Amino acid sequence: MRLTTMTQVTVDGVVQGNGGASEEDRRNGFVRGGWALGRGDAETDALINRTYRRADAFLFGRRTYELFAGSWGSWTAQDVPGWEPVWRALNTAPKYVASTTLTDPEWAETTLLSGDVAAAVRELKARPGGELQVHGSGTLVRLLLEHDLVDEMTLIVVPVVLGQGTRLFPETGPDLALDLVESRVDSRGVTTQLYRPAGRPTYPPVEATSR
C-alpha cells in the first residue's frame, strides 16, 4: 500500500485544534481552536471527500484517533450532511492507531500498534492494497517522514497565522527535500499542496573564510 498523509495547517505551521476547541485541543494553554472550520470552498470540500473515499485503511496517532472516534465514530450519516463519504470511509475501513498508552480501542475495525511503529507500518505497506491514509496526527507524520515511510504528503494551508499551538515541524529536526506534484488555491484562499518526499536537500558549499 502507498502511505499518504493529509494535514490541515496554518501559514505559521500550526496543526493543533483545527476542528474545534475541545479539551484535547487546549493542551499547553491553546485557546485558538477551530481555525479551519468552514474555511475551504466547495471544491476543497469535494477534494477532501474524494481523498477519504480512496482509502483502503487509515493510520492514526492516539490524539487524532480519540478525537475522530469521539466524533466520526459516534455520529450517523445524517449528522454530517455533505461529508457522508468521510463518515462512511472512517466507519467501514480498517483503522490502525499507533499508541503506547491506549489499551482498549472501542471504535470498530481498529487495530492497536503498540510496539515498533516504523516496523509495523512497513509491514502494513507491504500488504496488498491501494492507499493507507494518515489524517492529522502531526507527531506520527513526523515519525513516518523520518523513517522514509511517506509516499505522498498533502498540506491544506489555511490563510491564518495563529502565533501559538503545536506545529507540524519542530524548530530543529531532520531535513527533507520535497517535490511539488500539484498545487491549487480555492476561492477562499485555502491552498492545497501535494508533495512527494525526495530524500535529503542539497546545500551550496560554505565558502572558506578569507584570511
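A polar contact is a pair of N or O atoms within 3.5 Å; within protein, one must be able to donate a hydrogen and the other to accept it, and residues adjacent in sequence count only if both atoms are side-chain atoms. Here is one to start with. The side chains of Thr4 and Glu131 make a polar contact of 2.7 Å.

Some ground rules. This is a predicted model, in which local features need pLDDT of at least 70 and side-chain atom pairs count only at pLDDT 80 or more, while totals for chains, interfaces and linings use all residues. Residues are numbered from 1 along each chain as its sequence is written, and side-chain values use heavy atoms, with hydrogens and water left out.

Back to Thr4. Thr4 sits in strand S1. Helices (H or I, at least four residues) and strands (E, at least two) are DSSP runs, numbered from the N terminus. Is Thr4 buried or exposed? Buried, because its relative accessible area is 7%. The cut-offs are these: buried is under 20% relative accessible area, exposed is over 50%, and partly exposed is in between, with a 1.4 Å probe and protein chains only. Contact means heavy atoms within 4.5 Å. Leaving out residues up to four places away in sequence, Thr4 touches Glu131, Leu132, Gln133, Val134 and Glu152.

Next, His135. It is found in strand S5. His135 is buried, because its relative accessible area is 3%. Its side chain has a polar contact of 3.2 Å with the side chain of Tyr52. Beyond four places in sequence, His135 touches Met6, Thr51, Tyr52, Phe58, Leu59, Phe60, Thr64 and Phe68.

That list brings us to the aromatics. How many aromatic pairs does a search of the whole structure find? Six. Phe58 and Phe60 are a stacked pair, because their ring centres are 6.1 Å apart and their planes are at 20 degrees. The rule: rings of Phe, Tyr and Trp (its six-membered ring) pair if their centres lie within 6.5 Å; planes under 30 degrees apart are stacked, over 60 edge-to-face, and the rest tilted. Phe60 also pairs with Phe68, and that pair is tilted, at 5.3 Å centre to centre and 55 degrees between the planes. Both Phe58 and Phe60 are buried. For Phe60 the relative accessibility is 0%. Phe68 is at 16%, so Phe68 counts as buried. Which residues do the ring pairs link into a cluster? Tyr52, Phe58, Phe60, Tyr65, Phe68 and Trp107.

Now the second largest pocket. On a 1 Å grid over the protein atoms alone, a pocket is an open set of points with protein on both sides within 12 Å along at least five of seven lines; lining residues have an atom within 4 Å of a point. The volume is about 290 Å³. That is the space filled by probe spheres set on the points, with grid points joined across faces, edges and corners. The lining has 21 residues, and Leu47, Thr51, Arg54, Thr154 and Leu194 lie nearest the centre. At least two lining residues come from each of S1 (2–10), H1 (42–54), S5 (131–135), S6 (152–158), S7 (178–185) and S8 (191–197). By class, five are nonpolar, nine polar and seven charged.

On to the loops. Pro94 is in the loop between H3 (84–92) and S3 (95–98). At 30% relative accessibility, Pro94 is partly exposed. Pro94 and Arg2 are 92 residues apart along the chain, with 15 Å between their C-alpha atoms.

Ser114 is in the loop between S4 (110–113) and H4 (117–125). At 47% relative accessibility, Ser114 is partly exposed. Ser114 touches Ser99 and Thr100, again leaving out residues up to four places away in sequence. From Ser114 to Ser187 is 73 residues in sequence and 42 Å in space, C-alpha to C-alpha.

Last, backbone angles. Most residues other than glycine have a negative phi. Glu109, in the loop between S3 and S4, has a positive phi near 65 degrees. Asp148 is not a glycine, yet its phi is positive too, about 55 degrees. Where is Asp148 placed? In the loop between H5 (138–146) and S6. At 56% relative accessibility, Asp148 counts as exposed. Within H5 itself, the buried residues are Gly138, Leu140, Val141, Arg142, Leu144 and Leu145.

Conventions: On a 1 Å grid over the protein atoms alone, a cavity is a set of points where a 1.4 Å probe fits but cannot get out, and a pocket is an open set with protein on both sides within 12 Å along at least five of seven lines; lining residues have an atom within 4 Å of a point. Ala, Val, Leu, Ile, Met, Phe, Trp, Tyr, Cys and Pro count as nonpolar, Asp, Glu, Lys and Arg as charged, and the others, Gly among them, as polar.
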